[in-house]
Amino acid sequence: MSLMLENLSRTVDGVDYVRDANLTFEAGSFNVLLGRTLAGKTSMMRLMAGLDKPTEGRVLYNGEDVTGQSVQRRNISMIYQQFINYPTLSVYENIASPLRLAKMPPPEIDRRVRETASMLQIEPLLKRYPLELSGGQQQRTAMARALVKDATLILFDEPLVNLDYKLREELRAELRDLFRERQCIAVYATTEANEALALGGTTTLLHEGRVVQNGPVMDVYRAPVNTLAAQLFSEPPMNIIRGRVTDTEVTFDEHTHHELTQELAKLPPGDYWFGIRPSHITLAPGVGDDLEMSMEVALSEISGSETFMHVENSHFEMVLQLMGVHQHHTGAPLKIYLPMSKLFVFDGNEQLVHTPSRISGGAG
Amino acid sequence: MDKIPDNRAWWLVLPVFLLVAFSALIPLMTVVNYSVQDIFGPGQAYYVGTEWFKEVLTDERLQASLIRQFAFSGAVLLIQIPLGIGVALMMPKSGIKGSLCLILVAIPLLIPWNVVGTIWQIFARGDIGLFGWAINEIGIDYNYTGDTVDAWLTVLLMDVWHWTPLVALLCYSGLRAIPEAFYQAAEIDRASKWAVFRYIQLPRLKSVLIIAVLLRFMDSFMIYIEPFVLTGGGPGSSTTFLSQTLTTMAIGQFDLGRAAAFSLIYFLIVLLISWLFFTAITHADKEK
Amino acid sequence: MAEIQLKSLAHSYSASPSGPDDYAIRQLDHVWHKGGAYALLGPSGCGKSTMLNIISGLVQPSEGEVLFDGKRVNELSPRDRNIAQVFQFPVVYDSMTVYENLAFPLKNNKVPAAKIKTRVQEIAEVLEIEDKLDKKARNLTADEKQKVSMGRGLVREDVSAILFDEPLTVIDPQLKWKLRRKLKQIHEQFDITMVYVTHDQLEASTFADKIAVMYDGQVVQFGTPTELFEAPNHTFVGYFIGSPGMNIVEVEKCQGAVRFGSVEIRLAPWQLDRLVDMKSNNIKIGIRPEFIEIVPAKSDDTYEAEVRDVEDLGTYKIVTVQLGDQTMKVRQDEEFNASIGSQVNLLFPGQWLMLYADEYLVQEQQ
């Protein structure tokens with residue numbers, strides 16, 4: 001069982017919603033579509049589901065062309081941002097509704113509804129009505145309805161975005177476990193890199209309707225093909241600065257330069273983009289080679305266990321991800337240290353040419 | 001958004017096509033047909049071109065009734081729209097009081113037109129009618145069957161009584177649709193009652209007011225039964241409005257050609273003015 | 001600007017509350033000091049919006065007093081309290097231009113026209129919407145509309161406080177931090193008392209110097225972001241702040257330690273002392289995933305646990321371990337490696353192991 005998108009495009013009034021997508025989704029896989037708002041995540045899902053017709057290309061299901069087939073004939077479930085339930089039906093009837101439509105015998109319906117409800121921990125709520133439930137419970141009900149019918153393709157369109165972040169954390173962990181044993185294709189759209197990392201599986205990076213990169217989540221994370229992929233798949237986005245490699249050193253601006261490290265010495269001289277993850281920058285020099293930069297604090301964002309510090313100077317703007325609470329006033333001067341060994345290097349066309357050596361994985 | 005095309009859906013629209021054809025197009029074509037012919041009897045029709053239209057447009061009786069009609073519709077809008085908004089603003093927002101109010105306000109709308117005419121015919125009489133008697137009693141000389149002004153005021157009052165509730169109900173639903181946050185924000189911004197009305201309620205009532213104005217204009221412009229029952233168009237022809245003139249022409253004098261031409265002009269006027277209202281209101285505060 | 005005090009405040013939306021469950025706010029005493037930047041943090045339904053509306057006067061509390069600078073204001077309407085409030089969904093007067101929107105509260109206060117003009121200009125510059133002043137408010141994007149809503153609060157020079165009710169809900173994720181930064185700047189520049197309601201710990205800690213965590217109609221802790229993280233005063237704060245939340249385990253007393261299942265956890269001497277004269281049986285221990293150490297060598301201070309799951313989150317890893325009959329989360333850096341099913345030695349540093357009785361933190365007596 002597999003779902004294949006072949007040269008799939010969708011253009012509406014001259015605007016590319018999806019451009020030339022070639023992707024394969026295998027049964028039993030969990031696939032995350034990661035991209036900003038309007039990246040084409042929803043459009044792609046609608047094409048997979050058959051809710052929209054592609055302008056070009058084909059959708060193949062087990063090798064069979066289903067491009068023109070209507071949604072009703074495919075076995076698909078979809079879960080949306082909004083909590084969509086039938087308000088006049090009890091939670092039990094909400095979950096049972098797709099099975100009733102399929103004319104399943106009542107004892108079988110009952111068994112499945114209870115099984116799914118207990119999986120999503122809403123069994124005590126079966127007699128209640130959607131509007132009497134909290135947001136998290138409503139979304140669990142909607143998910144139960146989608147999961148109960150053994151769909152071959154389940155589409156999640158940012159299902160957790162309207163929930164408190166604590167609930168998000170819990171449901172995300174549950175989802176991961178739920179799909180471990182299932183044989184269906186799950187596709188999950190999100191704008192948050194952290195959610196993609198937490199969910200695992202395969203990640204497809206989308207930007208302005210195009211597939212930027214696709215592969216197992218850690219491969220994509222560790223070896224982003226270009227600067228765009230690097231920034232999309234990092235929350236906060238990877239810091240990217242311009243620099244020039246000469247025979248002896250690498251220069252970022254008149255104050256910021258460093259002699260070539262063993263790894264960087266392999267690069268032919270020229271202009272490059274250097275990327276560093278916010279979590280790799282430190283406020284104290286480390287053990288290896290560091291690039292020192294003088295910055296000013298723009299804002300400290302504190303999540304509790306960590307701080308996202310936005311810093312800037314006349315040339316650069318960067319974000320640091322620091323453990324613990326670091327409160328600094330806006331405008332306070334600050335020295336930051338970039339470990340040379342953690343630099344990603346992209347060429348003049350912003351394509352990846354070097355990943356930090358410690359991590360194995362395909363560079364280039 | 002283009003879906004999977006399935007042209008069979010067009011069959012579902014067919015009944016509506018047929019309905020529109022029978023209810024509007026075919027009768028209208030009959031009228032158009034009459035308006036360009038002179039008919040003496042079955043099979044004796046002669047083509048007269050625009051003759052009837054010319055005649056109708058220069059007919060003084062019709063002109064007078066057209067002016068009267070405009071005056072009436074204008075007065076109806078000027079009174080009923082502000083009054084309706086006012087009533088809606090005063091109605092309780094929710095609860096049992098709100099429901100009671102809704103029912104009370106809606107009652108006049110449920111009464112058939114000819115009954116409304118009859119009610120007022122009796123209600124406004126100076127001898128046995130409560131209203132007419134009371135007015136005379138407080139020293140004002142009032143007789144709607146004899147005095148032009150009194151007749152006009154009575155017709156107007158009857159229409160206000162009958163139809164202001166419609167405007168009020170429309171506005172009420174419009175007001176209910178305004179999120180509470182706007183009132184809260186306004187209160188925090190220390191807005192006066194008037195400012196709340198002018199900058200929050202009125203702009204958000206715009207779409208229902210368009211409907212209210214259009215409905216009230218069209219309805220009042222075609223008013224027939226109530227004044228016919230109440231005053232019979234008198235005294236003299238002071239409350240004879242367009243549709244009554246038309247009916248007299250078509251049925252009373254059996255002047256079908258003129259009546260048809262007149263009907264078409266009538267129809268075009270309603271259409272034109274409705275369109276004018278609509279565009280004027282919708283374009284009123286478009287960004288330059 | 002004012003100090004806002006809430007005195008034995010309680011509120012129920014039902015006219016005749018029959019039990020504590022009918023209360024959205026239960027018995028609450030709290031002070032927001034002059035000029036502070038505060039956050040009110042809690043899950044949905046914890047009563048935080050109710051508290052905000054009680055401060056602004058949109059809701060009348062069933063019991064207790066609201067004091068501004070020591071003066072009772074319960075009876076005053078929002079307009080007389082001089083409070084500005086920014087709502088979750090941007091409220092703009094859509095028939096007006098941005099300029100008219102910003103001028104509206106000043107006009108209502110009969111401020112002279114010339115003064116209005118300079119003030120609106122000034123605030124528009126701060127909010128970076130000066131090029132939008134002539135636009136109709138309805139044609140703005142969501143974040144611009146929210147800036148206008150904030151602007152209406154900021155233009156008034158006489159406001160006692162500005163209240164924010166989850167103001168960034170409808171803002172695009174990429175724009176959120178810019179608006180947060182703007183808010184912070186505005187606070188530093190104008191020095192107004194600001195109270196910010198949110199369910200997002202990141203927003204709360206970023207904006208506020210001090211955070212009140214609300215749970216079940218009560219403020220369970222009022223402290224700096226560091227205090228909330230390092231010494232949660234209530235198990236709920238431990239759970240709610242931090243991602244993942246604190247590991248909290250129910251334990252029973254035993255000789256010289258506490259115990260769950262067959263695992264005995266050693267406590268600090270003062271914690272044991274406090275435990276002796278404690279009547280409650282609801283005893284819990286808590287330790288944050290960030291503070292549990294995984295050490296190579298087994299010792300008297302370590303506990304042996306089994307690795308159940310390793311979640312790679314890119315910049316760090318979350319390791320789920322089983323200790324006795326309990327699972328715990330441990331945060332490790334990205335280099336950490338352990339196979340599922342293997343045994344690891346956990347170390348709970350004494351300073352980070354918290355003891356809770358009846359859900360509240362047991363503190364060392366001075």
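Which residues of H4(A) are buried? In this predicted model, where local features need pLDDT of at least 70, side-chain atom pairs count only at pLDDT 80 or more, and totals for chains, interfaces and linings use all residues, the buried ones are Gly136(A), Gln138(A), Gln139(A), Arg140(A), Thr141(A), Ala142(A), Met143(A), Ala144(A), Arg145(A), Ala146(A), Leu147(A) and Val148(A), buried meaning that 20 or more other C-beta atoms, placed from the backbone, lie within 10 Å of the residue's own. Residues are numbered from 1 along each chain as its sequence is written, while chains are lettered from A and ligands numbered from 1 in the order in which they are written.

Helices (H or I, at least four residues) and strands (E, at least two) are DSSP runs numbered from the N terminus. The 14 residues of helix H4 (residues 135-148) of chain A should span 20 Å at 1.5 Å a residue, and the end C-alpha atoms are 20 Å apart, which agrees; the expected span is 1.5 Å times one less than the number of residues. Just after H4(A), Asp150(A) takes a positive phi of about 55 degrees.

Elsewhere in chain A, four strands form an open, antiparallel sheet in the order S2-S1-S4-S5, two strands being paired if DSSP finds at least two bridges between them. The edge strands, each pairing on one side only, are strand S2 (15-26) and strand S5 (64-65) of chain A. Two bridges join strand S4 (residues 56-61) of chain A to S5(A), and Asp65(A) in S5(A) is the bridge partner of Leu60(A).

Notes. A residue is buried if 20 or more other C-beta atoms lie within 10 Å of its own, exposed if 12 or fewer, and partly exposed in between; C-beta atoms are placed from the backbone.
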